[in-house]
Amino acid sequence: MTTDGAVLDLLKRRWRRQLDVSTVQQAQEALGLPRDTAQRLRLLAVLQHSKAAWKPVAGYGATPLTLTLTEDEKVVARHLLDGVPLTEALTRAGLDAPGASIARRVLTATGFLHRGRIADDVSRFLEGTGLQFHTVRVEGEAAFNVP
């Protein structure tokens with residue numbers, strides 16, 4: 001099984017648990033995999049093409065975007081929606097240079113940013129739980145999100 005398959009398999013198993021809306025990054029961490037941006041973007045494409053894959057958490061307001069963006073990327077996007085310039089939004093999110101570069105890359109690849117500014121239509125980022133998150137961390141267990 002590929003690492004993409006392993007991440008999807010873990011997510012499907014976790015999504016069977018009540019209120020567990022684990023994200024791709026959380027699955028990567030639970031499997032001891034590196035934070036792989038390219039993998040997250042590949043899995044976003046898989047989720048976008050197969051609603052059946054994420055149907056167990058759709059009722060909680062999850063979408064492929066909410067399952068793929070990291071907390072930091074969601075924070076940056078919320079700052080941008082509040083009218084904060086990109087550079088300041090990245091700083092407010094507490095991102096170092098590599099983290100800022102990744103956030104910029106992902107928000108561009110997903111269509112939130114266009115030429116360093118918010119795209120004309122970001123409505124799909126606001127569907128369901130949108131750019132919100134609530135991470136639960138229980139000692140001795142992998143972190144997960146709840147609606």
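Predicted model: local features only at pLDDT ≥ 70, side-chain atom pairs only at ≥ 80, totals over all residues.
Is Arg-115 buried or exposed?

**View A. Arg-115 in the loop between two strands, E1 and E2.** The loop that holds Arg-115 runs between strand E1 (113–114) and strand E2 (117–118), and Arg-115 is exposed there, with a relative accessible area of 76%. Its backbone has a positive phi of about 55°, although Arg-115 is not a glycine. Most residues other than glycine have a negative phi.

**View B. Leu-19 in the loop between two helices, H1 and H2.** With a relative accessible area of 41%, Leu-19 is partly exposed.

**View C. The crossing of helices H3 and H8.** The axes of helix H3 (residues 37–49) and helix H8 (residues 97–109) come within 11 Å and cross at roughly 20°; because angles under 35 degrees count as roughly parallel, H3 and H8 are therefore described as roughly parallel to each other. The crossing in which H3 passes H8 is right-handed.

**View D. Residues in the contact of H3 with H8.** On the side of H3, the contact is made by Thr-37, Ala-38, Arg-40 and Leu-41, while H8 contributes Ile-102, Arg-105, Val-106 and Ala-109.

Terms used
Residues numbered from 1 in each chain as written. Heavy atoms only, no water. Axes fitted to C-alpha atoms, helices over the stretch in contact; angles between N-to-C directions. Helix = DSSP H or I, 4+ residues; strand = E, 2+ residues; numbered from the N terminus. Parallel < 35°, antiparallel > 145°, perpendicular 65-115°, else oblique. Left-handed = near helix turned anticlockwise from the far one by under 90°. Contact = heavy atoms within 4.5 Å. Buried < 20%, exposed > 50% of the residue type's maximum accessible area, 1.4 Å probe, protein only.
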